[in-house]
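Hi,

Here is the structure I said I would pass on. Have a look at it first, and then read my notes below.

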Amino acid sequence: MNLPLPPLSRGTRAMAAVTLLAPALLACGGAPSGPDPAGGSPAEDPGGDDHGAVEGARELDEPALGLTTVDPGGRVRHLDLLSEDTTDLARLPGTGAASTVHTDGRFLYVQGREGLQILDSGVWTWDHVDHFHYYRAEPREVGAVPGGSTSTVATTTSSTSGGAGVFFTDSGEAAMLDVASLADGETAERYRLETEPHDGMLVPVGDHALLTRAGAGPGSERSTADRVVVLDAGGEPVPGAEHACRRASGTIATRVGTVVGCADGALLATVTDGEVEVVRIPVPQGGRARGAAPATSFAGRDGRPTVAGLAGPRGRDGVWLLDTREQAWRLLDVSVPLTQVTAVDDEDEHVLGLTPDGRVVVIDGTDGRLLARTRPLAARSMASGTGTPTLVVDQQRAYLSAPAERRVHEIDFADGGRISRTFPTATVPALLAGTGR
Amino acid sequence: MRAATRPPGALAVVLLLAASTTACSQTGEDRPTVVVSTNILGDVVEEVVGPEAEVVTLMPADADPHSFEVSAREAARMRAADLVVSNGLGLEEGLQRQLDAAELDGAPGFVAGEAVDVLDYADGDAAGTPDPHFWTDPGRMVDVVEALAPVLAGIEGVDAAVVEDRAERYVEALDDVASEMAASFASIPDERRALVTNHHVFGYLAERYDFEVVGAVIPGGTTLASPSVSDLAGLVSAIEDTGVRAVFAESSSPDRLVQALADEADVEVDVVPLFSESLSGPGGGAEDYLTMLRANTARITGGLT
């Protein structure tokens, strides 16, 4: 490939995954291999070390749905939505509040001023497309990933295998973490690259990845990406696999494929027979969609094919729905300003939004009609800019954190936006992530 | 030994594995080894091959065939096996890489799913893709045994006559269970031959015994903490449309579900779990394949009559 790319310099951490094999080889005498989460070995696992199942994890009849919060002091707490118990998960090291949290439904990637901290919530769901399996193991701190003070994390629909891409936007360092190693309590990196600092991302797609490249052509902005290159399993660019993607922003993995947002649409990457295929889903240009701002972030129910994003600041131009299965965009005309939006992708095509005055609105995803709105649940948080009020959606319930109010609300969106439960929190739940999903 | 035929490029890791296997293995038997992925097939293979081979079943009791993984030692054992029996049709996701590796290493394989008439999933996101859960139909398992028996009989060191005789007897046992199931299900009124369920594995059973599978959202614990009529609407209409008195579901709080249906929708049903993808441990009620079939039959008939 003959491209004016800065060289991708490579780290040495790729070897870590290989050396991890060693302890497993020695474990033939009956002692558990690998780090054993205390108390996590299920009583009904008859084989001990020798039989796989999922080591140290117990299978459940239904998902161990939880919410994990991070407070301004770095305390991480887990709220079990079934038992309603709260447990302390960790106290993040270092000073300074965490700025963002990302989750794949199991691992929490918490960005602080001094780097990224990874925690294992110990609860997750395995999506088999035709059905799901649910697991619980001991939660634990996994470790730190150095590289910068702001990051974008991209994960897959699997929280037991594959990679997790971390792009440090301030330093331009990008690391592909080995997710199986995270499950073992280690932060092994498959590779690490040094790129131009920009608002970029490293997005795992099967064993491959998509990496954004900073704008280099005349007239392009260097702080944002203008294209995406496909990397192979070793982090090397696949020759010829480059796709224009102006102002790349926002990524999400659905059970169909992996989305990267661009100024004029989205790229959808899938893996077939070990090869990455990238298709472009252009935003519609006609009718109401003419001139509408593109979506710059995407949210939806874990793994579901349809995801939502705001069209412009406060949803000025409406709400975009991207159906990754149909490879089609739909622009909803929504009558209220929104600061956040997410798609339930249920039979009734519910879409949920958060208004600037801290209400949750329930939107009909077929026509943008407002079906219900709650009372202001996070008004004080929104007005004072305390924490990041966050919406998390499940099949039948949604959750909203209200940091300043020290509450997490559970909303029955199909029943007129009824508040079905409210959970007070001991401290300010500045960041929220849904786990067990 | 098979190790001698491994390609030289297979690296030191493989050699280390082989060494550790040898060092740890205490069996020291001369019998051929048959490695089987799922515990349901493991039971069937043991019934057919009997004492003629050592049967190693990789999947533990009460586990998930899709996601169970094996240790390095088991993977090595698989590669050195005289036969590797798997379900196929995409079932063993967590194991596929090792299955492929064993095949590459020259371990002979038998894929049970290739011996049956495969159904596709009827609906949902997986619609149109092959349904790997053929074992819910004992007739399909007869097809598997009839294809498998000659393969087992052909393993060097196995007495073919013994295996052929055992296979014949096991097919008779499967035929008996199939007839028992037909007789039991015959007592269910035609208008109630529906499985309202969140289990996804009963497509083959439904096809053979003429049930309708009605998929339904079974509200989970977070929903049941404070349920509303709308939460139960889908399930209630499935129950009312079919007229059934039992829902076959895995639920961590079946009593709460029964209560919510009674309180919110005035619907009286039982919530009955079935054995779906794994044999149970001792005392679990599905210790072997035939027992599993009989247990499910009794629960289905009991729930619908």
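How many disulfides are there over all chains? The count comes to one. Bear in mind that this is a predicted model, so everything below is computed from its atoms.

**The disulfide**

The two partners are Cys245(A) and Cys262(A), with their sulfur atoms 2.0 Å apart; the cut-off for calling such a pair a disulfide is 2.5 Å. Cys245(A) sits in the loop between strand S19 (237-244) and strand S20 (251-253) of chain A, while Cys262(A) belongs to strand S21 (residues 258-262) of chain A, so the bond ties together parts that are 17 residues apart in sequence. Which hand does it have? The torsion about the S-S bond is about -105°, so the disulfide is left-handed. And are the two cysteines buried or exposed? Both Cys245(A) and Cys262(A) are buried.

**A hairpin in chain A**

Further along chain A, strand S22 (residues 265-272) and strand S23 (residues 275-282) pair in the antiparallel sense, over eight bridges. Together S22(A) and S23(A) make a hairpin with two residues between them. Across the pairing, Leu267(A) stands opposite Arg280(A) in S23(A).

**An open sheet in chain A**

Next, look for the open sheet of four strands, which runs in the order S31-S32-S33-S34 (chain A) with antiparallel pairing. Its edge strands are strand S31 (391-393) and strand S34 (418-424) of chain A, each of which pairs on one side only. On average, neighbouring strands of this sheet are turned by 20° against each other, direction ignored. S31(A) is joined by three bridges to strand S32 (residues 398-402) of chain A, and Val393(A) stands opposite Ala398(A) there.

**A helix in chain B**

How far apart should its ends be? At 1.5 Å a residue, its 16 residues should span 22 Å, and the end C-alpha atoms are 22 Å apart, which agrees. Even so, H5(B) has a kink of about 25° at Ala147(B), shortly before the proline Pro150(B). At the start of H5(B), a side-chain oxygen of Asp137(B) comes to within 2.8 Å of the backbone nitrogen of Gly139(B). Gly139(B) is one of the buried residues of the helix, and others include Met141(B), Val145(B), Leu148(B) and Leu152(B).

Happy browsing!

Methods
Residues are numbered from 1 along each chain as its sequence is written. Chains are lettered from A and ligands numbered from 1 in the order in which they are written. This is a predicted model: local features need pLDDT of at least 70, side-chain atom pairs count only at pLDDT 80 or more; totals for chains, interfaces and linings use all residues. Side-chain values use heavy atoms; hydrogens and water are left out. The expected span of a helix is 1.5 Å times one less than its number of residues. The bend at a residue is the angle between axes fitted to the seven residues ending there and the seven starting there. Buried means under 20% relative accessible area, exposed over 50%, partly exposed in between (1.4 Å probe, protein chains only). A polar contact is a pair of N or O atoms within 3.5 Å; within protein, one must be able to donate a hydrogen and the other to accept it, and residues adjacent in sequence count only if both atoms are side-chain atoms. Two strands pair if DSSP finds at least two bridges between them. Axes are lines fitted to C-alpha atoms, for helices over the stretch in contact, and angles run from 0 to 180 degrees between N-to-C directions.
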